[in-house]
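Hi,

Here is the structure we talked about, handed over for you to look at. My notes on it follow below.

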Amino acid sequence: MNLPNTDQKRIVVIGGGFAGISLVKKLKDLEAQIVMIDRHNYHTFQPLLYQVSTSGLEPDSIAYPIRKILKELDNFYFRLAEVEKIDPVRKEVVTSIGVISFDYLIIATGTKTNYFNNETIANNAMPMKTVPQALNIRSLILQNFEKADDTLDELERKALLNFCIVGAGPTGVELAGALAELKQNVFPKDYKHLDIKEMQIYLFEGGPRVLPPMSETASKKATEFLNKLGVHIHLNTIVTNYDGETVSLKNGTSMQSKNFIWSAGVTGAAIAGFDANSLMERLNRYKVNNYNQIDGYDDIFAIGDIAYMETEDFPKGHPQVAQPAIQQGENLAKNLRNLLANKPLKAFKYNDKGTMATVGRNKAVVDLEKLKFGGFLAWFIWMFVHLMALVGFRNRVIVFFNWAYNYINYDKAARLIVRPYTTKD
Ligand SMILES: Cc1cc2nc3c(=O)[nH]c(=O)nc-3n(C[C@H](O)[C@H](O)[C@H](O)COP(=O)(O)OP(=O)(O)OC[C@H]3O[C@@H](n4cnc5c(N)ncnc54)[C@H](O)[C@@H]3O)c2cc1C
């Protein structure tokens, strides 16, 4: 890799997600060479991906160039590459553009979609973890509506207008709500000659309630909202297969659908090279101590979704959401400064600020430590928090303008098939 030789320590960070970015942002003026590697040249604000999938926002309002975010750092180098392997003994990272050595390595690779070893589902389902995948879903939805408007075959039309979402966590719930709003407010005007009642939205969940990571109160409220929007919720229902045409359920029933979106789970995006002791195998997350050092290594760290840290408050590891990732990044930045100054390290302590999810216009749920509520106020808070969390003033302004426009006009304007969906990215 073409990087300047230096006497300074080299810190290599893999991943420009919430964890990697929050870490590097805090390393300004550190006497070290900092190199970030990511397969994308932008940071993705994943919580709003579902709005890209459902034509509410354009992707450039929820993604931001990594080089621009970190432009204040003089000692910073970005490399666009896929990391293939890590050699922790030789202290080298093997990438698609060459090998790089490190003094300190930080793994912040997040998660990838978990298909639970079902190859057929993996080959046919639409995942939603990245901007290209969200754009694929948007194209698929719009292309299928175009086909439905033209076909004379009733069964084919039904399959084109059947939307199946698997997994009723926040992503599945938000996606189902946004699709229901398209059905209510947007598609009837675009497809005047289609019977829009034929569009059906199914939300399948293996567990007994929607929003499993949130409180019972949030779950009940969200169910109420989804019912109002006409989403068919199927709880305790396991989807066993999808071959591109037929959705098969464990209870023996099946249905035809051309829209099958998989939001049923994630697994760590671990990189090859470590021995089994360093990995929590079931979850594919690196086992780390309170300083985010990977088990058995002083100079290799994991932060964010990929890190598995057992603490008294979180005996099964921290939740795989943005806040622990951001906070671990910030704590590790302090610790890297401490390490270079030969000072003791500071243990990580998670400050849980609560969780929230939105179902649609005026409908959201918020879980705080002592207060759980849903409705307009929750929706307003949800919007404010997400707006403020977006990277870059420009993106905040664009998203705010889009939301205001959509709210006033009952519209979702980004209904463009600019990137026709042909095959999965
Ligand atoms: C659809 C969706 C909705 C979500 N909604 C919410 C929400 O509402 N609230 C919330 O708090 N959390 C939400 N989350 C979870 C949240 O986005 C994650 O917890 C957070 O992104 C974790 O940050 P991270 O830095 O660990 O990983 P990520 O943000 O996933 O970043 C990982 C980075 O590593 C890069 N990378 C991975 N492997 C490699 C490799 N081998 N080579 C090169 N680069 C690599 C990736 O390109 C990526 O940029 C959502 C997640 C998804 C997918």
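To start with a surface spot: is Glu72 buried, exposed or partly exposed? Glu72 is partly exposed, because its relative accessible area is 47% (buried means under 20% relative accessible area, exposed over 50%, and partly exposed in between, using a 1.4 Å probe and protein chains only). Before going further, a caveat: this is a predicted model, where local features need pLDDT of at least 70 and side-chain atom pairs count only at pLDDT 80 or more, while totals for chains, interfaces and linings use all residues. Residues are numbered from 1 along each chain as its sequence is written, and side-chain values use heavy atoms, with hydrogens and water left out.

**Surface patches**

Glu72 sits in the loop between helix H3 (66-69) and strand E5 (76-80). (Helices, H or I with at least four residues, and strands, E with at least two, are DSSP runs numbered from the N terminus.) Together with Asp29, Glu31 and Asp74, Glu72 makes up a patch of negative charge on the surface. Patches here are made of residues with over 30% relative accessible area and no salt bridge, with like charges joined within 9 Å and nonpolar side chains (Val, Leu, Ile, Met, Phe, Trp, Tyr) within 5 Å. For the charges, Lys and Arg count as positive and Asp and Glu as negative, with His and the chain ends not counted; the place of a charge is NZ of Lys, CZ of Arg, CG of Asp or CD of Glu.

There's a nonpolar patch on the surface too: Phe376, Phe380, Tyr407 and Ile408, with about 440 Å² of accessible area together. Helix H10 (376-389) and H11 are the elements that give two or more residues to this nonpolar patch. Areas come from the Shrake-Rupley method with a 1.4 Å probe, and for residues only the protein chains shown count as cover. Phe376 belongs to helix H10 and counts as partly exposed, because its relative accessibility is 47%.

**Salt bridges**

The structure holds 14 salt bridges, each being a side-chain nitrogen of Lys or Arg within 4 Å of a carboxyl oxygen of Asp or Glu. Arg415 and Asp190 form one of them, with the closest N and O atoms 2.7 Å apart. That pair links distant parts of the chain, 225 residues apart: Arg415 is in the segment after helix H11 (393-409) and Asp190 is in helix H7 (residues 170-190). Arg415 is partly exposed at 24% relative accessibility, and Asp190 is partly exposed at 36%. With Asp411, these two are linked in a network of salt bridges.

Others stay within a helix. Lys158 bridges to Glu154, the closest N and O atoms being 3.6 Å apart; the two are four residues apart in helix H6 (residues 154-161), so about one helical turn separates them. Lys158 is partly exposed at 40%, as is Glu154 at 47%. Lys221 and Glu224 meet at 3.5 Å, N to O; they are three residues apart in helix H8 (residues 216-228), so again about one helical turn lies between them.

**Enclosed strands**

Which strands are largely enclosed? Strand E2 (residues 32-38) is one, because seven of its seven residues are buried. Both of its faces are covered, with Ala32, Ile34, Met36 and Asp38 buried on one side and Gln33, Val35 and Ile37 on the other. E2 runs parallel to strand E1 (residues 9-14), joined by six bridges (two strands pair if DSSP finds at least two bridges between them). Val12 stands opposite Val35 there.

Strand E24 (residues 363-367) is another, since five of its five residues are buried. Lys363, Val365 and Asp367 are on one side and Ala364 and Val366 on the other. The hairpin from E24 to E25 goes through four residues.

**One distance**

Glu84 lies in strand E6 (residues 83-87). Glu84 and Thr237 are 153 residues apart in sequence and 37 Å apart in space, C-alpha to C-alpha.

Cheers
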